[in-house]
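Look at the sequence and the model together, and keep both in view while reading.

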Amino acid sequence: MDAYPADAANLTYSDHPPVLLAASSEAAMARAERTVRASGMRIGAKLPIELAPERLEVQGGATAVWVELDSDCGGPMDELLNLIAIDVRDGRYGAVVSVTSEIVDPVAARLAEPAIELIVNANDAERVAALATVLGSSEMRERISDVASDRSTERLRQLSDEVSRIAATLARLSEGPGVPPGAVEPVPAGDLPLLSVETVRNVIRARRLRARYFPEDLFADPAWDMLLDLLQAEIAQLRVPVSSLCIAAAVPATTALRWLKTMVAKGVFIRRADPHDGRRVFVELAPEASQALRRYFGEVGPVAVI
């Protein structure tokens, strides 16, 4: 796939630096191009994955980089994602990485930077919203007319507020009685209520059964579903990769990834590299979150927790 500049018909918002596209196939590039065109931004270059790092190293300016992946490109993909994570952290540009569900784990392993928008099997609206979010956080936010930006930013703000509330609640529960706020110390395992993996599994099973009788989206609660899944795994001494946790969240993968990113940022979840596979990360409960959940189950006792 050769790199080439967008034609003159795409030069809307010509006063803005362009969006650079990198893709794993011609079909993937076509999807990325449609999204950027629909957002009204101009395309600076269209690059195959293996050539994108070199171009980014010398690029004078870019509003954003869009990476479209429909297959695992191995080392070249890892190199590109590593570079993008560093550049986004340094504020050089924003980035959206669009993937299929089959390659969530190797991609997520490279993208610990929370400012990168990672979307999975996204529809057109979700894709445009992801780009709008990235553009809305750039220095040119006030100059970009895509009205999706404000709506998307507001949704992310609401998500962040909700996770902050969850994190605060977990912190209070982990303190236990008699511990002043701000003085939380790790609670020895022996002081925590005993909790069996079967108890947590039964709760998860009961939650999933609701979908037999009511539309599943009536009960979407990805934070709680992910908390339960990680607690179950912790008790059973199992590791949970990102892709499995997204499934457990029972919401679209892109939504689950946004919750995961925010829960990590708030200190509720911890990302931990797989010591045997550098292209995979696991997610686990932070100690305080684990303690809080165990205290919670200890207090509700035999009552059905759904």
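The chain has 11 helices and 8 strands, where helices (H or I, at least four residues) and strands (E, at least two) are DSSP runs numbered from the N terminus. This is a predicted model, in which local features need pLDDT of at least 70 and side-chain atom pairs count only at pLDDT 80 or more, while totals for chains, interfaces and linings use all residues. Residues are numbered from 1 along each chain as its sequence is written, and side-chain values use heavy atoms, with hydrogens and water left out.

Of the 306 residues in the chain, 48% are buried. Buried means under 20% relative accessible area, exposed means over 50%, and partly exposed lies in between, with a 1.4 Å probe and protein chains only. A contact means heavy atoms within 4.5 Å. Among the contacts in the chain with a separation of 6 or more, 70% are between residues 24 or more positions apart.

Start with helix α1, which covers residues 26-38. What does α1 meet in helix α5 (residues 124-136)? Arg31, Ala32, Thr35, Val36 and Ala38 in α1 meet Arg127, Val128 and Leu131 in α5. These contact residues divide into 5 nonpolar, 1 polar and 2 charged. Here Ala, Val, Leu, Ile, Met, Phe, Trp, Tyr, Cys and Pro count as nonpolar, Asp, Glu, Lys and Arg as charged, and the others, Gly among them, as polar. The axes of α1 and α5 come within 10 Å and cross at roughly 65°. Axes are lines fitted to C-alpha atoms, for helices over the stretch in contact, and angles run from 0 to 180 degrees between N-to-C directions. The crossing of α1 and α5 is right-handed; a crossing is right-handed if the near helix is turned clockwise from the far one by less than a right angle, and left-handed if anticlockwise.

Next come the charged side chains. Side chains of opposite charge can pair when their charged atoms come close. A salt bridge is a side-chain nitrogen of Lys or Arg within 4 Å of a carboxyl oxygen of Asp or Glu, and by this rule the count comes to 18 salt bridges. In one of them, Arg31 meets Glu68, at 3.6 Å from N to O. This pair links distant parts of the chain, with Arg31 in helix α1 and Glu68 in strand β3 (residues 64-69), 37 residues apart.

With a relative accessible area of 27%, Asp70 is partly exposed.

Arg37 is partly exposed at 36% relative accessibility, and Glu33 is buried at 14%. Salt bridges that share partners join Arg31, Glu68, Asp70 and Arg127 into one network.

The aromatic rings form another set of pairs. A pair of aromatic rings is described by the distance of the centres and the angle of the planes. Rings of Phe, Tyr and Trp (its six-membered ring) pair if their centres lie within 6.5 Å; planes under 30 degrees apart count as stacked, over 60 as edge-to-face and the rest as tilted. The structure holds 3 aromatic pairs. One of them joins Phe214 and Phe219, edge-to-face, at 5.9 Å centre to centre and 75° between the planes. Phe214 is partly exposed at 48% relative accessibility, and Phe219 is partly exposed at 29%. Why is the pair of Tyr296 and Phe297 edge-to-face? The planes of Tyr296 and Phe297 stand at 80°, with the ring centres 5.7 Å apart, so the pair is edge-to-face. Tyr296 is partly exposed at 28% relative accessibility, whereas Phe297 is buried at 6%. Ring pairs link Trp224, Tyr296 and Phe297 into a cluster.

Leu228 sits in helix α8 (residues 222-236) and is buried, with a relative accessible area of 0%. Leu228 and Leu293 are 65 residues apart in sequence, and their C-alpha atoms are 8.5 Å apart in space.
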